[in-house]
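Welcome! Take a moment to look over the model shown here, and then we will walk through it together.

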Amino acid sequence: MSSKIRLGILGGGDDSLIGVLHRVASAMFDQFQLIGGVFNPIWDENIGFAKKIGIPTNRVYIDFDTLIEEELKLPENERMQVVTILTPNFLHFSMAKKLLENGFHVICEKPMTTSYEEAKILENILQKSNTIFAVTYTYTGYPMIRQMREMIANGVIGKVQKIDAQYYQGWINPIIHDKEKRASTWRLDPDKSGISCCIGDIGTHAFDMIEYLSGLKVNSVLADLNYLYSDNKMDIDGTVLIHCDDYVKGVIRTSQIATGEENNFTIQIYGEKAGLKWGQENPNKLYLLEDGKPLSVLKPGHTYNSELSLDGTKLPPGHPEGIFDSMGNIYKGIAKAIKKEPYNSGEFPTIVDGVRGMNFIEKVVESHQKGNVWIKLDQ
Ligand SMILES: NC(=O)c1ccc[n+]([C@@H]2O[C@H](COP(=O)([O-])OP(=O)(O)OC[C@H]3O[C@@H](n4cnc5c(N)ncnc54)[C@H](O)[C@@H]3O)[C@@H](O)[C@H]2O)c1
């Protein structure tokens with residue numbers, strides 16, 4: 001029998017955006033074997049997809065409850081060990097809760113749930129279980145992001161004094177300007193998506209990245225969101241001012257109506273001594289800015305990088321790595337945790353990050369609704 005970790009997937013079918021990223025990432029370091037799941041709620045599409053990707057169909061189930069029921073009948077050494085949740089947001093909570101209660105490890109897409117309350121319930125359940133819970137803030141797996149985190153922790157830029165994160169996309173334009181389409185996409189439906197679209201979908205990435213890189217906690221937020229049409233219930237653009245400890249201030253600028261933008265996620269953190277800049281569309285370059293010195297460009301795979309960064313590089317310098325590799329690195333860290341091997345806490349985001357993300361979303365929306373006022377996050 002294979003010694004790989006037995007993986008199930010919920011969602012991520014042929015019609016999905018993110019499924020392929022998780023399948024490739026989980027296979028990347030030869031640690032996981034996809035053995036089944038529920039890829040789509042429509043049976044023909046579900047089973048058809050399993051056949052298309054060439055996995056045995058005996059553990060492709062008609063729905064999530066059947067998956068749990070049937071998997072629990074199997075001996076523990078055959079049962080799925082970890083299940084990845086890639087469904088629309090409103091299904092994350094009920095699936096994750098039942099998985100945890102039945103002893104499965106969980107890998108969950110962000111936003112982790114549709115409310116902060118649900119997120120805290122999952123955190124409580126996890127505390128009583130002996131399982132791993134990862135939340136896939138994809139971009140934290142990039143080698144140069146890991147390098148940036150280590151450089152900041154090691155004092156290379158000195159005390160942090162300014163943070164600027166931008167996440168601009170333009171994909172929602174054709175949907176938001178069409179009355180029928182904006183009423184029918186799940187991302188703009190609060191029942192399926194939660195209370196926020198733009199902040200929930202991409203603002204959470206920026207928020208998590210700020211805390212991941214700086215080691216600081218965001219204490220309070222002041223938000224201004226845009227819904228663009230009176231019949232649209234969900235933000236599709238938003239600017240959030242943030243306050244951290246020790247006079248550190250910053251801004252998170254997000255948009256899904258930044259016309260022509262693709263996945264333009266950038267982050268700049270400036271300290272007393274230097275600044276560091278990184279952009280998702282050019283992820284193999286980390287820029288170090290210092291007064292009176294030429295700009296330095298750091299790249300993956302070189303020995304000047306930290307152990308954490310180098311652990312996420314598979315080939316010698318000059319072989320570009322991208323988003324598949326970034327998610328692959330996250331899966332690699334999760335595999336270490338499941339196998340009870342030592343790992344660095346920077347290797348994958350956990351339920352703590354998922355809960356923080358949900359707190360952020362709710363406080364941002366509250367700030368906007370109360371007339372753009374400062375709101376404290378729970379610490
Ligand atoms: N980490 C990232 O950068 C990133 C990027 C994109 C999406 N996401 C997140 O991933 C999740 C999925 O997003 P997406 O863009 O792939 O959505 P999508 O709508 O493209 O795909 C959703 C998939 O879930 C399936 N599904 C729906 N209901 C189901 C059910 N009851 N049981 C099993 N499968 C079901 C659909 O058939 C489809 O295959 C969301 O939570 C989203 O926020 C994260």
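Which residue forms a salt bridge with Asp14? The partner is Lys52, with the closest N and O atoms 3.1 Å apart. This is a predicted model, where local features need pLDDT of at least 70, side-chain atom pairs count only at pLDDT 80 or more, and totals for chains, interfaces and linings use all residues. Residues are numbered from 1 along each chain as its sequence is written, and side-chain values use heavy atoms, leaving out hydrogens and water.

**Salt bridges**
- Side chains of opposite charge can pair when their charged atoms come close.
- The count is 20 salt bridges (a side-chain nitrogen of Lys or Arg within 4 Å of a carboxyl oxygen of Asp or Glu).
- In the pair of Lys52 and Asp14, Lys52 lies in helix α2 (residues 43–52) and Asp14 in the loop between β1 (5–11) and α1 (19–27), so the pair ties together parts that are 38 residues apart in sequence.

**Around the ligand**
- There are 26 residues around the ligand, and Asp15, Asn89, Thr138, Trp186 and Arg187 come nearest (a residue is near if one of its heavy atoms lies within 4 Å).
- By class, this shell has 10 nonpolar, 11 polar and 5 charged residues, with Gly among the polar ones.

- A polar contact is a pair of N or O atoms within 3.5 Å.
- The side chain of Asp15 has an N or O atom 2.6 Å from an oxygen atom of the ligand.
- A polar backbone atom of Thr87 is 3.5 Å from an oxygen atom of the ligand.
- For Thr136, a backbone N or O atom lies 3.2 Å from a nitrogen atom of the ligand.

Methods: A polar contact is a pair of N or O atoms within 3.5 Å; within protein, one must be able to donate a hydrogen and the other to accept it, and residues adjacent in sequence count only if both atoms are side-chain atoms. Helices (H or I, at least four residues) and strands (E, at least two) are DSSP runs, numbered from the N terminus.
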